[in-house]
Amino acid sequence: MEPAAFSPLDRYLSLLNEEQLAAVKHEGSPLLILAGAGSGKTRVITTKIAYLIAEKNVAPYSILAVTFTKKAAKEMAERAVLMDSRAAQSVIRTFHSFGAWFLRRFAEDAGVDPNFTVYDDDDMATLVGKAVPSLSRQEASHAAHKISLAKDYCLAPDSPDLITIESNPDFPQIYAEYEKRLRVTGNVDFGDLIMLPVLVLQRNEEIRRQMHYRFKVIMVDEYQDSNVAQFKLLQALSGVEENTGTYVCVVGDDDQSIYKFRGAEVQNILTFQNHFPGTQLIRLEQNYRSTARILAAADSVVRNNEDRLGKTLRAVRGKGGEPVLVFLPTQDDETAFCADLIEKAHAKGCPYKDWAILYRTNAQSLGFETEFLHRKIPYTVVGSLKFYDREEIKDMLAFAALTANPRDEIAFRRIVNKPTKGIGGKSQDMVVLYSQTTPTLDGAPVGLVQACRECAKQLSKKAATGVMEFAAIMDELTACVAAEKSGDTLSSFIEKIANRTGLLEYHSAQDEVSGTQRAGNIQELINSAVLYPCTRQGLLDFLDSIELDRTIENPDQEDTDSVTLITLHNTKGLEFPRVVITGLEEGIFPRQDKSSEELEEERRLFYVGITRAQDELYITACTVRRLYGRTEYMQPSRFLAEAGKGIFKVLGNVPSAYGYAVGDSGSSLGAGGFGTGSIGAQTDPLAKKYKKGTRIYHDDYGYGYVVATGSRSGEFVITVQFENGSAKQFLPKYQGHSLMIEDEM
DNA sequence: CCCGTCGTTATTTTT
DNA sequence: TAACGACGGG
C-alpha cells in the first residue's frame, strides 16, 4: 500500500459505493445511517470526517465523534487522521471518555472532584455495602447493579420511574445513600460519566451554549447500543430542541442491538427520526464480508423480528458454500465434531486462527477447552479473565487512585492493610468516619491519609503504627508525582508502588504457592505506564485510560495461530473465515422462556453470530446436554426452523421437532465418524421397559404416565404426561436414572 | 491468618 | 457438574 497521508480526498471518495458516497456527502438535516454488518461503516464515518474538514471547511475541533469501545474509537481516529491529518484535532472518543473529559472540565458544576477516578461494578457494590450496612453482600451487589441500570436510564434517586428498574420499595433510599457516599469521595461510577454531564447541560444554559458553540458536528457510531442517558446527552449536546443547527449523524444497525440487559435501548435507533425531525435515512446494504449463502441465512433469521427498520444485505462476494447445520447426539459429539473439522482443515493448510467457536454462555467453553487441550489444538478464550480485574492489578491501581484522590474510600479500604499491618475493619471505619466528618477550611473533607495521622492516637498501638507507616508510604508516592518536570515516566511511579508498598513481594509469594503469574502482571502494568509522564496529570491520564478500557491487551495474541473460543456477545465487530455457532437448542439459545421482546434480542444475537462468518458457517445442535449436573433432552432451537427450508445443508440425525426433513436421507457426514452415540431405535431394549401407559415417578415432576414413545435422532424417546399437568420428553438411555418405574419401586 | 469443607447457585457485559 | 463464597478449625 502506498502512503495515504497526502492523497487527495477524491481518491478516498472513489473507493465508496453509491450509498456510502451519499452518506458522506449528505448535509442539511439529521442523518441516520443504517449500516448492515460488514457494510464498511467505519470507512464512511472516517471519510465523512475528512470530507467535512477538506471540502466543507468545518473546523476539525468542532467535530465530535463518539463510539462505545476504546478499540473502535482508536481505529476511527487513526483512520481519519490518515485521510486528513487535521482530524487529529477532532474529538474522537468513547462516550464515557467524552463524559470524563466533560466532567473534569465542569467538575464543580457536577459536584465531583476534578481528580476523580471511576469506580467499577465491584467498587460500587462495596460502596453500597458501606452506605447501607444492613445489606448482605449479595443484596449490595444486586442493588449496585440496579443503580447502574437506573443511571443508564438517567433516573435520579427521587425519580418515580425507579419502580420500573427495581420493585423493592427500599431501593430509592439505598440509591440515595449510595449517591451521598459517592459524592463524599468525589469519585464517580460509569453511569455518572454520562448522566452527570446530562444533568449539568440540562440545568446550566451557559455550559450548554459553550458546547453548542464548540461542537458543530456530532457523529455517533454503534448507535443501536446507546442507552437512554446517552440519547439525552446527544440531545443536549446537539441542542436539537433549540435549533442550534448542529449537524447530527448517527450510524448503527438495529439488527445488531444485543445489549438491552445493560441498558441499551433499541428504541433509540428505531425512533431516532421522531426526535430529530427531518432526518434522512440511508441504508448501507452492500456487504463486503460474507458470501451470499451466509447472508441469506442471516436474513432468513432476522426477518422474523417485528421490531426493526428493515434492510437486506447484498453480497459483493460470490455465492459461496452452503452453511451447514449439524444435529449431534451429545455435547461431547459437538466438541469432537468441531475438533474434527478444525483438524481436517488444518491438515489441508488452513490455519487455526481462521476458526472461531461461538457459544451463548461462557460455561460452554469448558468442553471445547478440554477437548482441544487433549487434541493439542491451540485455542484462545476471549473475554474470560480481564487484566484489570485481577486482584494484584486492582491493588496496584488502588494505590495510584488514592494518590490521585486522597478521599477515595474504596481504594483506601482496599490497600490500607495490604500487606497486613494490623489495621482491621474497625480501625478503617474510624479513619473513614473521621475523614468524612472533619471538614478542612474550604469545607471539603480531610483526606484519608491525613486522617490516618490525625487518628493514630485513638487507635490501638498496632493499628497506630500501621496507619503511620501507611501514611508515610502514601506521602512518598504523592511526592513522586508532585515534581512537575522530572524526566521520568510514570513507570517509575508504578514501580515504586510495587516495591515500596510491598505488594510485589506479597504477590510474588502468592505466585510461589499457587503457580500464578501475578508478579508478571504487575510488571506488565509497570511497562504500560511508560507512555505517561511522571506527573500528577500523567497519573490522571493513565488512570483514565485504564478505567475506560478494561479489556486485555494481549500483545502476542495477534500473531499466534489459535482457534478463537468466544461468546456470541463478544464477537460483535469481529470476523472470521470459518465460524461454528454451537448449542442451538431451546433453553440454551434462545435462553429459557423469553418474552417476545427478549426473544427478538436473542434472534439478533444469532444474526450477529452468523454475519461474523466470511467463508464457512457451521451450526450445531445437540439432542442431549448435561445441564447443572442433569442430563437434559434438548429441543432444537426455534431459530433453526424459522430459518426455513433450503438455507442450510443439514447433517446428522434430524429431530422431528426441527420442521424440515433432510433432502437426502443418506447424507453421511463427510467428516465421518462423529455420530458415536447413535443406535437403532427398533432394537433398543429400553423400548420394552418404557411402554405406553407405564407409570413413572420423577423427582422434579412427580407421577405421570408414558403417553407416547418414538425415535428422535436415532434415540428412543418417551413422552410423559405428569399429574401436575406438564408433559415432558425423556431419553431413557441418558435419563433412566431419574425416571423411576412404579413397578420397580 | 490460612486452609479445608460444606452449601449454594448456575446468562449475555462495550465503559 | 463445577465453581465460588461462607464459615469454622488449626
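Two strands are taken as paired if DSSP finds at least two bridges between them. Strands (E, at least two residues) and helices (H or I, at least four residues) are DSSP runs, numbered from the N terminus.

## Basis of the model

This is a predicted model, in which local features need pLDDT of at least 70, side-chain atom pairs count only at pLDDT 80 or more, and totals for chains, interfaces and linings use all residues. Residues are numbered from 1 along each chain as its sequence is written, chains are lettered from A and ligands numbered from 1 in the order in which they are written, and side-chain values use heavy atoms, with hydrogens and water left out.

## Strand β11

Strand β11 (residues 324-330) pairs with strand β18 (residues 649-652) in the parallel sense over four bridges. Here valine 324 lies opposite lysine 649 of β18. β11 also runs parallel to strand β16 (residues 613-627), joined by six bridges, and in β16 the residue opposite valine 324 is tyrosine 618.

Seven of the seven residues of β11 are buried, so the strand is largely enclosed by the rest of the structure. Buried means under 20% relative accessible area (1.4 Å probe, protein chains only).

## DNA strand C

Arg137, Leu366, Tyr628 and Gly629 are the residues around DNA strand C, each with a heavy atom within 4 Å of the strand. By class, this surface has two nonpolar residues, one polar and one charged; Ala, Val, Leu, Ile, Met, Phe, Trp, Tyr, Cys and Pro count as nonpolar, Asp, Glu, Lys and Arg as charged, and the others, Gly among them, as polar. Sugar or phosphate accounts for 30% of the atoms of DNA strand C within 4 Å of the protein, and bases for the rest.

Methods. Buried < 20%, exposed > 50% of the residue type's maximum accessible area, 1.4 Å probe, protein only.
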